[in-house]
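Please open the model in your viewer and keep the sequence panel beside it. The stops below are meant to be selected one after another.

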Amino acid sequence: MRVDCEGCAGCCIDWRPLTDADIDHERRGSRQPLDETSNLVPLTRSEVRAFVDRGHGDALTPRLFADDDGVTIDGHSVAAIDGRPAFYVGLRKPPKSVAPFDADPTWLETCVFLDPVTLQCRLHDGELYPDTCGAYPGENLSLAVETECERVEAHAPGEAAGERLSDDEPPADATPLLGPAALGSKLFAHPEPERLSGVVSRLVADELTAADRAEFVAVAAASAPGTGAVSDDWYERYRERARDAASWTGRAIERWQTIADAVGEPAPEPECAREIEDDDGAPPTPGWDSIDDTST
């Protein structure tokens, strides 16, 4: 799949505050996210385990969905499978100082693993790089769904958008995990809705605690593919690991949240990430000078 990502990172950044266009693609249809995060990447069970095992449980967050026919928790009707709240787990997006599309530095919600200076992924081609990120935008094309590249091309400010999507044919391996096979592998069901009392209201208010996030991470890590069953032993093991995580990712999120102004407001130069992330152990990115092929 050929794309032109340099200076973009449109799939990793919520760049919508930079445009006057009305782009709300995640809030269409009957089941809409209860959170406000844009382009939250769904992780598989094995990826959730890998992030926690590497100490990055503090980089993960759940997504639940509204459904008029769901289960009611904290006054919200939550999409469910056989009465069990359905969710997936993704990577957190704190506000960072970034300057995509040659814009001035701006506070925008950004994937925790995106280097604000190079606009490159710190995990790219590594063991923790999510399958969803590697397959994007091919999977969207295979589903005949508009890609973020196409939205960027149409709505990014000025002439800086360029031609982001260089190939309109999905690659042969663009096979999104959908349907019954997703249960327990990419889509999870929480076994005890009553344990989520108070948690759902905090999720909607963007006030989840480390313990809240660990609850969902543990259920995902302990889920059995295809059945919805949850192992108590694996649940306890991963809840403790996720709750006690103290990685550079978690510390960076806290620092960004502390210093950031409102999303969309002017920000300091992205180089401030060197002190916040790189000096605290974030893996480096290669920069664009060393990359000759824009294929992904």
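The model is predicted, so local features are reported only where pLDDT is at least 70 and side-chain atom pairs only at pLDDT 80 or more, while totals for chains, interfaces and linings use all residues. Residues are numbered from 1 along each chain as its sequence is written, and side-chain values use heavy atoms, with hydrogens and water left out.

**Stop 1**

Select Leu40, which lies in the segment before helix H1 (45-53); helices (H or I, at least four residues) and strands (E, at least two) are DSSP runs, numbered from the N terminus. Leu40 is buried, with a relative accessible area of 5%, where buried means under 20% relative accessible area, exposed over 50%, and partly exposed in between (1.4 Å probe, protein chains only).

**Stop 2: H1 itself**

Now colour Glu47, Val48, Arg49, Phe51 and Val52, which are buried residues of H1. The buried residues of H1 pack against strand E1 (60-64), strand E5 (84-91), helix H2 (131-135), H6 and H7. Just after H1, select Gly55, which takes a positive phi of about 90°.

**Stop 3: H1 against H7**

Two packed helices are described by the angle between their axes and the distance between the axes. Show H1 together with helix H7 (residues 232-243): their axes come within 9 Å and cross at roughly 50°, the axes being lines fitted to C-alpha atoms, for helices over the stretch in contact, with angles running from 0 to 180 degrees between N-to-C directions. H1 and H7 are therefore oblique to each other, since angles under 35 degrees count as roughly parallel, over 145 as roughly antiparallel, 65 to 115 as roughly perpendicular and the rest as oblique. To see the contact (heavy atoms within 4.5 Å), display Arg49, Val52 and Asp53 in H1 with Trp234, Tyr238, Arg241 and Ala242 in H7.

**Stop 4: H1 against H6**

Keep H1 and bring in H6, whose axis comes within 8 Å of that of H1, the two crossing at roughly 125°. That angle makes H1 oblique to H6. Here Arg45, Val48, Arg49 and Val52 of H1 meet Val217, Ala220 and Ala221 of H6.

**Stop 5**

Then select Ala224, in the loop between H6 and H7, a partly exposed residue with a relative accessible area of 25%. Apart from its neighbours within four places in sequence, Ala224 is in contact with Arg45, Leu183, Gly184 and Ala229.

**Stop 6: the cysteines**

How many disulfides are there? A disulfide is a pair of cysteine sulfur atoms within 2.5 Å, and by this rule the count is zero. Cys121 is in no disulfide, its nearest cysteine sulfur being that of Cys111, 6.3 Å away, and Cys121 is partly exposed at 23% relative accessibility. Finish at Cys272, whose sulfur is too far for a bond because the closest cysteine sulfur, in Cys111, is 17 Å away.
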